[in-house]
Amino acid sequence: MAGVTLRSAAWYSGDGRNTYIHRAWMRRGIPDDAFGRPQIAIANTASDLVPCNRHLTEVAAAVRDGVHAAGGTPLEMPVLGLGETQVRPTAMLWRNLAAMEMEEMFRANPVDGLVLLGGCDKTIPALLMAAASVDLPAVVVPGGPMLTGTFRGVPLGCGTDVFRLSEEVRAGTLSAEEFARSESAMIRSRGHCNTMGTASTMGLVAEALGAVVPGVAGTPAVDSRLLEAAHGTGRLAVEMVAADRRPSTFLTEASFANAIVALAAIGGSTNAVIHLLAIAGRLGIDLTLDDFDRIGSGVPVLVDLLPAGRFLMEDFHRAGGLPAVLNQVRDLLDPTALTVTGKPLVDSLDEAAIWDPEVIRLRREPLVEHGGIAVLRGNLAPDGAVIKPAAASPHLMRHRGRAVVFDSIEDFHSRVNDPALDVDADSVLVLRGCGPRGYPGMPEVSNMPLPKKLLEAGVRDMVRVCDGRMSGTAYGTVVLHVAPEAAAGGPLGLVRTGDVIALDVAARRIDVEVPDDELAARTPDEAVVAGFADPRRGWERLYVDHVQQADTGADLDFLVGSSGSEVSRESH
């Protein structure tokens, strides 16, 4: 490329022994001039064990064609993929490992630019964390949601209806046989969850950040327009290398402010809070938990989508998608924020229209008037906790109740259905030992199933408090991401069954009504400490020793920040 010094030339340019080695082993039938073109790595998180991402190999082929068409050399690079539904104890345990592996491979190899293919919950965050740290020109192609499945004539929201139907089985209103029959109907096609879960949220939020070509996120996985967009993204990646358009040039404070507005307007997953904090940390941007409340809490929820509403992602795309939503809140967006195209995000909204005002509401007729993520503090969460008002029960947003405490997930499962459990509809269920360090990995267990005897009595929601996460597909009045977690010495480890917990979302408070001196004098019970993770070796040991708390993004302390793309030494 005229006037552009390619990073890959440090591998391929010249006639020395090392250059010979780098070129010779890559030839495999490619022409000589392939080495002088932009080398575009297609980072592919596809795997048979990441079911939501399996189709990304087809998407990668479309990207490859686009790179070729623009005069680049495409190089597919399999990277660590994490299947939210498959891996134990939780995919979140390996988000930072995936980001570290990706960053190191992006830096170590002769590549000039990146196309990042992700879908399932942790894959897009890990890809963006890595791309931010290595700071090579990079653009995301979200894999897209699956099509809507139906069961007994009713649309099914994957994830959300798993929780709903499983509770009906426990309540005795749905047979186990009928529940099992819904499995194949729920997962109708390739693609990630079709609700506004974390996968859908992170694809859309990545577009609001400026990391996706405007209008692409939310395109269904089986839609031919996704392949068309992938082809165009491959062409764009070559252009980005020529323009030296790196993440540090378009992922700015303004970008993150726009992402928070988008997160609120779509009624997105609480998991996005942790992921955005971690991505910002890789860029050196001072994003805090309070920014989510300051910027997003007053933003109206405009998308009537499960779990907060009625519809599904196929409907959302048909109704106009993210551009239509952002056009309704355009006055709240920072017009200086750029995208991978080099143009401001707001410039892509001029023609965005709502084609179905039931799915995407007009600004004056929101689904929830103030539905953005609310950040709570108090003596139970000194460093913060979050709640998603759009998915909570209005009558529980201000509540006082007696705590029923579970010291671990095993303790919870062993006792929650005990008919003798001393619990009623006003109780507050407390689960601890589920934070980043304590589990380890901060699993999606915060939306605890309700006690069976209360389900049978018709109760369908209770206040629940936990230092873990919940699925973006989940719903309920759940206070989560409590920081510090119990395993890091947080007050949650000191709560006892019978203590009164007060929740006041409007006042942004979550407190245990125990005098400060009494709380300070308490020590965690042996059962609490026994439930904390204490791995002997490997990644889990490294993770537990270095993971930060939820309020700063749960990255590893030594991974915060960036190292750039420079490689100082040769390999031979």
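Asp534 and Arg541 form a salt bridge, with their closest N and O atoms 3.0 Å apart. A salt bridge here is a side-chain nitrogen of Lys or Arg within 4 Å of a carboxyl oxygen of Asp or Glu. The model is predicted, so local features need pLDDT of at least 70 and side-chain atom pairs count only at pLDDT 80 or more, while totals for chains, interfaces and linings use all residues. Residues are numbered from 1 along each chain as its sequence is written, and side-chain values use heavy atoms, with hydrogens and water left out.

**Salt bridges**

- By the salt-bridge rule, the count comes to 39.
- The cut-offs are under 20% relative accessible area for buried and over 50% for exposed, with partly exposed in between (1.4 Å probe, protein chains only).
- Asp331 and Arg363 form a salt bridge with their closest N and O atoms 2.8 Å apart. Both residues lie in the loop between α15 (321–328) and β7 (374–378), so the pair ties together parts that are 32 residues apart in sequence. Helices (H or I, at least four residues) and strands (E, at least two) are DSSP runs, numbered from the N terminus.
- Asp331 is exposed, with a relative accessible area of 58%, whereas Arg363 is partly exposed at 30%.
- Asp244 and Arg246 meet through their side chains in a salt bridge of 2.7 Å, N to O. Asp244 is partly exposed at 41% relative accessibility, and Arg246 is partly exposed at 24%.
- A network of salt bridges links Glu103, Glu104, Arg107, Arg282 and Asp555.

**Backbone features**

- Leu306 and Pro307 are joined by a cis peptide bond, with omega about 10°. Pro307 lies in the loop between α13 (289–296) and α14 (313–319).
- Tyr439 and Pro440 are also joined by a cis peptide bond, with omega about 5°. Pro440 lies in the loop between β10 (428–431) and α17 (452–456).
- Asp244, a residue other than glycine, has a positive phi near 55°. Asp244 is in the loop between α9 (224–243) and α10 (247–250).
- Ala554, a residue other than glycine, has a positive phi near 55°. Ala554 is in the segment after α20 (538–546), and is buried, with a relative accessible area of 1%.

**A parallel sheet and a helix across it**

- An open sheet is formed by 4 strands in the order β2-β1-β3-β4, with parallel pairing. Two strands pair if DSSP finds at least two bridges between them.
- β2 (73–78) and β4 (138–142) stand at the edges with a single partner strand each, so one side of each is left without a neighbour in the sheet.
- The twist averages 20° from one strand to the next. Axes are lines fitted to C-alpha atoms, for helices over the stretch in contact (heavy atoms within 4.5 Å). Angles run from 0 to 180 degrees between N-to-C directions.
- β3 (residues 113–118) pairs with β4 in the parallel sense over 5 bridges. Leu116 stands opposite Val140 in β4.
- Helix α5 (residues 123–134) lies across β1 (39–44), β3 and β4, and runs at about 165° to β3.
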